[in-house]
Amino acid sequence: MKDATALPRSLLVLGGTSEIALATARRLIARRTRTVWLAGRPSPALDRAAERLRSLGAQVRTVAFDALDPGSHETVLEKVFAEGALDMVLLAFGVLGDQAHDERDPARAVRVAQTNYTGAVSAGLVAARCLQAQGHGSLVVLSSAAGERARRADFIYGSSKAGLDAFAQGLGDALYGTGVHVMVVRPGFVRTDSTAGRPPGPLATTPEAVATAVELGLRRGSETVWVPGALRLVMTALRHLPRALYRRLPL
């Protein structure tokens with residue numbers, strides 16, 4: 001049974017210009033959300049995103065946040081929580097990187113790992129602590145199907161998402177019974193500006209489809225959400241495929 005009260009009235013988005021995050025925010029505003037914080041690097045894009053959400057009837061504020069500056073995460077997030085309780089934190093920042101270039105430039109590869117994993121561990125732990133202190137809330141972590149098994153084409157990105165996914169699952173177990181719910185979202189290829197020019201997979205999806213899946217997952221109290229749902233079976237098969245066969249696949 002769908003439960004509208006499972007949807008947040010207040011939302012903090014870490015990664016405030018993410019197309020997936022903004023699609024999710026729009027969907028939640030249409031259902032129940034009235035207060036939104038967009039956290040990201042100050043930019044015209046962040047300001048435009050806030051204005052679009054305000055036009056939908058939500059009270060929207062922006063806050064400076066940098067995934068690559070873990071030392072600031074505690075101060076930034078605690079300041080937001082001090083303004084009032086939050087029902088949901090959406091951890092949505094991340095970078096795809098450029099595998100071909102990143103393989104030859106370790107500093108670029110490290111930046112992908114620091115953004116997608118190290119930054120997420122820092123922000124995720126701070127957000128979880130704040131949610132636990134208020135006694136309720138959901139932490140929704142945007143992971144990726146790419147983290148299920150490394151592919152030759154994007155193993156730097158995939159490995160960073162694998163670490164994030166494992167972290168989020170463990171955090172969910174640690175918070176079980178505290179009133180804080182952790183939900184891991186694993187989309188496949190999502191058609192966004194950042195993936196433009198890259199060949200989509202057979203189960204490619206959209207930010208709006210991910211937003212729909214997030215809403216359904218919140219209503220159901222899910223711990224893991226695949227987008228699309230059929231991707232779960234595909235990745236289960238690929239994960240258990242012998243390595244000699246896996247490396248022959250056109251992935």
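Ser122 is located in helix α5, which spans residues 106-134; helices (H or I, at least four residues) and strands (E, at least two) are DSSP runs numbered from the N terminus. The structure is a predicted model, in which local features need pLDDT of at least 70 and side-chain atom pairs count only at pLDDT 80 or more, while totals for chains, interfaces and linings use all residues. Residues are numbered from 1 along each chain as its sequence is written, and side-chain values use heavy atoms, with hydrogens and water left out. Ser122 counts as buried because its relative accessibility is 15%, where buried means under 20% relative accessible area, exposed over 50%, and partly exposed in between (1.4 Å probe, protein chains only). With neighbours within four places in sequence left aside, Ser122 is in contact with Pro70 and His73, contact being defined as heavy atoms within 4.5 Å.

The strands were examined next. An open sheet is formed by 7 strands in the order β3-β2-β1-β4-β5-β6-β7, with parallel pairing; two strands pair if DSSP finds at least two bridges between them. Its edge strands, each pairing on one side only, are β3 (59-64) and β7 (224-227). Neighbouring strands of this sheet are turned against each other by 15° on average, direction ignored; axes are lines fitted to C-alpha atoms, for helices over the stretch in contact, and angles run from 0 to 180 degrees between N-to-C directions. In general, strands of a sheet pair through backbone hydrogen bonds, either parallel or antiparallel.

Strands β1 (residues 10-14) and β4 (residues 88-91) run parallel and are joined by 4 bridges. Leu11 has Met88 of β4 as its bridge partner. The parallel pairing of β4 with β5 also comprises 4 bridges, and here Leu91 stands opposite Val141 of β5. On β5 and β6, 6 bridges make up the parallel pairing, with Val182 in β6 as the bridge partner of Leu139.

Strand β5 is mostly covered, 6 of its 6 residues being buried. Gly137, Leu139 and Val141 point one way from β5, whereas Ser138, Val140 and Leu142 point the other way; all are buried. Helix α7 lies across β4, β5, β6 (180-187) and β7, and runs at about 150° to β6.

Grid points are joined across faces, edges and corners, and a volume is the space filled by probe spheres set on the points. By this rule, 1 cavity of 30 Å³ or more is counted. The largest cavity holds about 30 Å³ of space, and its lining consists of Ile20, Thr24, Leu90, Val140, Leu142, Val185, Val210 and Val214. At least two lining residues are supplied by each of α1 (19-31), β5 (137-142) and α7 (207-220). This lining comprises 7 nonpolar, 1 polar and no charged residues, with Ala, Val, Leu, Ile, Met, Phe, Trp, Tyr, Cys and Pro taken as nonpolar, Asp, Glu, Lys and Arg as charged, and the others, Gly among them, as polar.

The second largest pocket has a volume of about 200 Å³. Its lining has 10 residues, of which Ala150, Arg151, Arg152, Tyr246 and Arg247 lie nearest the centre. The residues of this lining divide into 5 nonpolar, no polar and 5 charged.

Several loop residues were also characterised. Phe189 is placed in the loop between β6 and α7 and counts as partly exposed, at 22% relative accessibility. Not counting residues up to four places away in sequence, Phe189 touches Thr195, Arg198, Pro199, Pro200, Gly201, Leu203, Ala204 and Thr205. Between Phe189 and Ala204, which are 15 residues apart along the chain, the C-alpha separation is 4.8 Å.

Gly97 lies in the loop between β4 and α4 (99-102) and counts as partly exposed, at 25% relative accessibility. Beyond its neighbours within four places in sequence, Gly97 is in contact with Asp102, Val112 and Arg198. Gly97 and Glu223 are 126 residues apart in sequence, with a C-alpha to C-alpha distance of 27 Å. Pro228 is found in the loop between β7 and α8 (231-239); the peptide bond joining Val227 and Pro228 is cis, with omega about -5°.

Methods
On a 1 Å grid over the protein atoms alone, a cavity is a set of points where a 1.4 Å probe fits but cannot get out, and a pocket is an open set with protein on both sides within 12 Å along at least five of seven lines; lining residues have an atom within 4 Å of a point.
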